[in-house]
Amino acid sequence: MWDVLADCEAWPTWWRGVEDVAELHPGDARRVGSVYRIAWRAPLVSYRVRFDFTVASVEEPFAMRGTAGGVLEGAGTWRLFEHDGLCAVTFDWEVATARWWMNALASVARPVFADSHDRLMRRGGHDLASRMGVALVAAG
């Protein structure tokens, strides 16, 4: 599963909602320092969100951490856990919007943006399970 998630340039081929991933900088042999520009289109708002993700650390095959810059600013961590033949994938994401109009609409639009993000991530869970040929046991 690590190899599928770590190959973010291939995400658009299996994760509905990821429109494009381009490597801007390759980083080192473990991908630390790599910079990717990722374009997402969430299901509810149908708005393209594009930002750069810089890989800060890699603990293969358990975790990858990085920072976001652009329309979103902050940090995130992918974690993979395996036990008794089951694998859990989590993504902790602490970001803030960096566009004036998003911030101006935040008090009213936050629930829509949050629901749209949750749907996109659940879809990613389903798509990842399908890509791996396994059953999805639970999706947040």
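1. Is R65 buried, partly exposed or exposed? R65 is partly exposed, with a relative accessible area of 25%; buried means under 20% relative accessible area, exposed over 50%, and partly exposed in between (1.4 Å probe, protein chains only). Its side chain meets that of E59 in a salt bridge at 2.5 Å, N to O. E59 is partly exposed too, at 40%.

2. On the source: this is a predicted model, in which local features need pLDDT of at least 70 and side-chain atom pairs count only at pLDDT 80 or more, while totals for chains, interfaces and linings use all residues. Residues are numbered from 1 along each chain as its sequence is written, and side-chain values use heavy atoms, with hydrogens and water left out.

3. Confidence. The chain averages a pLDDT of 90, and 97% of the residues score at least 70; pLDDT is the predictor's confidence in each residue, from 0 to 100. Among the elements, β1 has the highest mean (97) and α3 the lowest (86). Helices (H or I, at least four residues) and strands (E, at least two) are DSSP runs, numbered from the N terminus.

4. The sheet. Six strands form an open sheet in the order β1-β2-β3-β4-β5-β6, with antiparallel pairing; two strands pair if DSSP finds at least two bridges between them. β1 and β6 (86–97) are the edge strands, each pairing on one side only. On average, neighbouring strands are turned by 25° against each other, direction ignored. Between β3 and β4 the antiparallel pairing runs over eight bridges, and D52 stands opposite G69 in β4.

5. Helix α3 against the sheet. α3 lies across β2, β5 and β6, and runs at about 160° to β6. Axes here are lines fitted to C-alpha atoms, for helices over the stretch in contact, and angles run from 0 to 180 degrees between N-to-C directions.

6. The core. The largest nonpolar core has 28 residues, of which W11, W15, I38, W40 and F51 touch the most other members. The elements giving two or more residues to this core include α1 (2–6), α2 (11–14) and α3 (100–132). β3 supplies the largest share, five residues. A nonpolar core is a set of buried Ala, Val, Leu, Ile, Met, Phe, Trp, Tyr and Cys residues joined through side-chain atoms within 4.5 Å.

7. W15 and M102. Leaving aside neighbours within four places in sequence, W15 is in contact (heavy atoms within 4.5 Å) with W40, W78, L120, M121, R123, G124 and D127. M102, in helix α3, is buried at 5% relative accessible area. M102 and M121 are 19 residues apart in sequence and 20 Å apart in space, C-alpha to C-alpha.

8. Salt bridges. There are seven, each being a side-chain nitrogen of Lys or Arg within 4 Å of a carboxyl oxygen of Asp or Glu. One of them joins D127 and R16, with the closest N and O atoms 2.7 Å apart. D127 is in helix α3 and R16 in the loop between α2 and β1, 111 residues apart. D127 is buried at 8%, whereas R16 is partly exposed at 48%.

9. E19 and R48. These residues form another salt bridge, with the closest N and O atoms 2.7 Å apart. E19 lies in strand β1 and R48 in strand β3, so the pair ties together parts that are 29 residues apart in sequence. E19 is partly exposed at 33%, as is R48 at 35%.
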